[in-house]
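The report that follows takes up confidence, pockets, salt bridges and backbone geometry in turn. Please read it with the sequence and the structure at hand.

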Amino acid sequence: ISTGPTKRVHVLYGSQTGTAEGIARAVAMFGKMYSLEVQMRSLESLTPAEAFRDKDSAMYVFVVSTYGSGEMPQRAAKFFRSLESSAPDLTGVRYSVFGLGNSSFEEFNNAGKTLDRTLERLKASRIHPLGLGDERASEGHQSALEPWMRSLWGTVGSTSGQGSISLPCTVEISVAPASQASQGVPV
C-alpha cells in the first residue's frame, strides 16, 4: 500500500438519467483545481478489476443514483453484480461514496448505501463518510453535496500533501438530458 500522498483520484459514477454524472463532473472538476490527477468514468464500462487497478495508489470517489425501488441504476448494475459475485479483496482501496435518492421512497439512497457497505465488506477503507443527496431537500441534491464535497476535499488535502483544500465557490450542478449524458463528454 502506498504511504505517499494521494495524487490520483478515480471518480466513478452510476447514473440513470444523467444527474449522478453531472455531480461526478463537479467532484472531478474540483479535484483537478487542486492539481490532482483525476480520471472520471462510468461504471457501465468497467469491471471491478479495471476499476481498482490503482487500488494501492489512488483514491476512489463513487457517485451513484438509486433507481426504481432501490436498485442500482441500470448503467451500474452489471458492475455491481460483478463486484458482489467476484468479491475481490479490496485491501488498499481508499474510497468515499455519494448517493443520490429521493426521501419519499422507502428505499431512500439504497444504491449508495449498498455500495458503501459492499466496499467495506470487501476490506476497502472508507476515508470519508457516505454522502446522501436528497432530491426533495430545499436545494435538491446540492443541499448535501456542497458540505460533503467541502469535507471530502479537506480530507483529500490532508492526504495529498497539499494541506487543507477548500472549495472556492458554491457548487452548481446542471444535468444534461439523458440522451446527452450517455455520450460521455469529457470533464
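## Residue classes and the largest pocket

In the classification used here, Ala, Val, Leu, Ile, Met, Phe, Trp, Tyr, Cys and Pro count as nonpolar, Asp, Glu, Lys and Arg count as charged, and the others, Gly among them, count as polar. With these classes, the lining of the largest pocket comprises four nonpolar, twelve polar and two charged residues.

The model is a predicted one, and the volume of its largest pocket comes to about 280 Å³. The lining is made up of 18 residues, of which T66, Y67, L100, G101 and E135 are the closest to the centre of the pocket.

## Confidence along the chain

Averaged over the chain, the pLDDT is 83, and 80% of the residues score at least 70. Among the elements of the chain, helix 4 (residues 110-121) has the highest mean pLDDT, at 97, while helix 6 (residues 178-181) has the lowest, at 40.

Two stretches call for separate mention. Over residues 163-171 the pLDDT is below 50, and this stretch has 27 contacts in the model beyond near neighbours in sequence. Over residues 176-187 the pLDDT likewise stays under 50, and here the model has 19 contacts beyond four places in sequence.

## Salt bridges within helices

Side chains of opposite charge can pair when their charged atoms come close. Five salt bridges are present in the structure. In one of them R25 pairs with E21, with 2.8 Å between the closest N and O atoms; both residues belong to helix 1 (residues 19-33), where they are four residues apart, about one turn of the helix. E21 has a relative accessibility of 4% and therefore counts as buried, the limit for that class being under 20%.

A second pair, R150 and E146, forms a salt bridge in which the closest N and O atoms are 3.1 Å apart. Because R150 and E146 are four residues apart in helix 5 (residues 142-160), about one helical turn separates them. The two partners fall into separate accessibility classes: R150 is partly exposed, with a relative accessible area of 36%, whereas E146, with a relative accessible area of 17%, is buried.

## A network of charged residues

Salt bridges that share partners also join D116, E120 and R126 into one network.

Which phi value does A87 have, although it is not a glycine? The phi of A87 is positive, at about 40 degrees, and the residue is placed in the loop between helix 3 (74-86) and strand 4 (94-101). A87 is partly exposed, with a relative accessible area of 38%.

K123, which is also a residue other than glycine, has a positive phi near 75 degrees. This residue is found in the loop between helix 4 and strand 5 (125-126). With a relative accessible area of 55%, K123 is exposed, since that class begins over 50%.

Conventions: Residues numbered from 1 in each chain as written. Heavy atoms only, no water. Salt bridge = Lys/Arg side-chain N within 4 Å of Asp/Glu carboxyl O. Helix = DSSP H or I, 4+ residues; strand = E, 2+ residues; numbered from the N terminus. Buried < 20%, exposed > 50% of the residue type's maximum accessible area, 1.4 Å probe, protein only. pLDDT = per-residue confidence, 0-100. Contact = heavy atoms within 4.5 Å. 1 Å grid on protein atoms, 1.4 Å probe; cavity = no way out; pocket = protein on both sides within 12 Å on 5 of 7 lines; lining within 4 Å. Points joined across faces, edges and corners; volume = space filled by probe spheres on them.
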